[in-house]
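The following note sets out comments on the model shown below.

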Amino acid sequence: MRPHLHIQAGARTDLGRVRKNNEDCYAIDDSLQLYVLSDGMGGQAHGEVASKLAVQTVLTHCRQSENSRATPIFGESSPDVSERTNRLSSAIHLANRKVFETASSNSEQKGMGATIVAAWVESQRLSIAHVGDSRAYLLRGGAMEQLTADHSLVAEKVRVGILTPQEADASEMQSVLTRAVGTTDSVEVDTDEQVLLAGDFLLLCSDGLTRMVTDPEIASTLLTSSSAQEAAERLVDLANDNGGVDNVSVIVLHAVEQSKGFFQRLKFWKRNSG
Amino acid sequence: MSRLVLKFEGAQLKEIPLGTHPVTIGRAPDNDIQIDNLAVSNYHARVYVEAGSLVVEDLNSLNGSFLNDIRVERAMLKDGDAILIGKHEILVDQVHDAALPEDGLRKAPAPRVNETMVLDTHERRKLLDMAAAAGERSQLSPERLLVPTLMVLSGRTDQKEYRIAGKLTVIGHSKMATVRLRGWFTPEVAAQINKHEDGYYLGRGDRVPKINGASIQGLTKLNDGDVIEVGRVRLSFLFRE
């Protein structure tokens, strides 16, 4: 029998302990099983504008595409990934354009931008797309994997092999991004796909979490919480307890198997025929 | 109060107030201004006050310290001077509250400490070139034009051989499976292969697959010639011309 996965979602965003405004933003569409999180940048209140606009644009574009297949595709489609994943990437290309145009038409907002990480689940298939250093993690069978590669200077240097992960963690340059939504007229979007399994946790988060909380702490929090919402709240509390130097946002998804297996069907059949 | 301002590619990274103690600059973590760049020596330079004047002194660094584009051993500093160390610029700021630019157009404020900024395209291009150079050594190099292939060694499948294309390859009974397993009690998704930047990774499905006889722990990178076992099906992972 095909397992039917139900996605439980929990989320929270918080100012943290140091910042004066929250430039993070997230949105969840339960019926579409679409989850989007963004961390804005640009000083004053402009980071907030950028992240809200980016998240809203992704949501709107994906909803539109569900209603009409004729919804235009922005950016290049890749034959390597599914139509869904390409759609998610298209949404981020459009968000880039909107943030860039808004910033360009208002000198006060010049230079504003945002990171974005988005997940879209269709039956068992998970599509991920991202730009910047907000991350997606998959916790499966006790092992946690980072699905996204940060678009930050230190992370790219680690990947090229000119910096060790330890040097990266200690670096002054952690806040330097190599890609962001809305800072240039076009942007490269990274995508990934996974088959979700019953019991999987997916975490989307801003760097305010991962700079404050270690991977093992994150994993144990996910595994020991009684619901996705509780996990989201405990993760934010942990980030704040450890210093909370930045805004912190998390979306926690838990894939739960719905009982539509062979024996459930048998019981149902017996009840109805008896 | 005077201060030093650390800048990279025009963006402000850090502000260091100038007091009575010397400010040290270098790659080692115990410097007041740490710069993690291989062009910077461990203890590269220092800035201190001597007889009422601010002085920069190079500490026999390999690549030198530059004051307003001139290499210096030791030099007096004044407001507005720029010290260049590696690719980082350190500005001397003795007037703390700078007036707004005269053109009346307020520019976007420079990022403060810890505030996120984006690298300009020039710097990013250099990084991509470096990444491309590194990529030539990796599996996914276009130079090699090798096609990852799964060859069926034993077990019931719908084909004898599969070329892996795309980011996600599913092995199982499911309709979305590339490698369709046959037979009763075959899991919908037995295993999955994900393409990452640096190669192909095998992950579990409803079963935990084996590589060369050992069950995998989390995502595991596949190497040329690896034998994957999923239930009774054995597949060989090969890079083909």
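1. What share of the contacts in chain A with a separation of 6 or more is accounted for by residues 24 or more positions apart? In this predicted model, the share for chain A is 70%. For chain B, 33% of the contacts between residues at least 6 apart in sequence join residues at least 24 apart.

2. Overall confidence should be read first. The model has an ipTM of 0.81 and a pTM of 0.74. Chain B has a mean pLDDT of 81, with 84% of its residues at 70 or more. Within chain B, helix H1 (residues 121-135) has the lowest confidence, with a mean of 69, whereas strand S19 (residues 210-211) has the highest, at 96. Residues 96-113 of chain B have a pLDDT below 50, and this stretch makes 21 contacts in the model beyond near neighbours in sequence.

3. Chain A contains 8 helices and 11 strands, and 52% of its 274 residues are buried. Its radius of gyration is 19 Å, which agrees with the value near 19 Å that a compact globule of 274 residues would have. Along the principal axes, the C-alpha atoms of chain A fill a box of roughly 75 × 45 × 35 Å.

4. Which residues touch the most other members of the largest nonpolar core? In this core of 100 residues, they are A:Val58, A:Ile92, A:Ile116, A:Ala118, A:Leu203, A:Val250 and A:Val252. Leaving aside neighbours within four places in sequence, A:Ile92 contacts A:Val58, A:Ile116, A:Ala118, A:Ala129, A:Val131, A:Val181 and A:Val189. A second, separate core has 18 residues, including B:Ala45, B:Val47, B:Leu54 and B:Val92. As a general matter, nonpolar side chains tend to be buried together in soluble globular proteins.

5. Chain B is made up of 1 helix and 23 strands in its secondary structure, and 29% of its 241 residues count as buried. One open sheet of chain B has 5 strands in the order S4-S3-S5-S6-S9, with mixed pairing. Its edge strands are S4 (33-34) and S9 (74-77) of chain B, each of which pairs on one side only. Within this sheet order, strand S5 (residues 45-50) and strand S6 (residues 53-58) of chain B run antiparallel and are joined by 6 bridges. B:Tyr48 has B:Val55 in S6(B) as its bridge partner.

6. How many bridges join S8(A) to strand S12 (residues 117-118) of chain B? There are 2 bridges, and the two strands run parallel. A:Leu177 stands opposite B:Val118 in S12(B).

7. Helix H3 (residues 153-160) of chain A has A:Leu153, A:Val154, A:Glu156, A:Lys157 and A:Val158 as its buried residues. Just after H3(A), A:Gly161 adopts a positive phi of about 95 degrees.

Notes:
Residues numbered from 1 in each chain as written. Chains lettered and ligands numbered in written order. Predicted model: local features only at pLDDT ≥ 70, side-chain atom pairs only at ≥ 80, totals over all residues. Buried ≥ 20, exposed ≤ 12 C-beta atoms within 10 Å, placed from the backbone. Helix = DSSP H or I, 4+ residues; strand = E, 2+ residues; numbered from the N terminus. Pairing = 2+ DSSP bridges. Rg over C-alpha atoms; globule rule 2.2 N^0.38 Å. Contact = placed C-beta atoms within 7 Å. Core = buried A, V, L, I, M, F, W, Y, C linked by C-beta atoms within 7 Å. pLDDT = per-residue confidence, 0-100.
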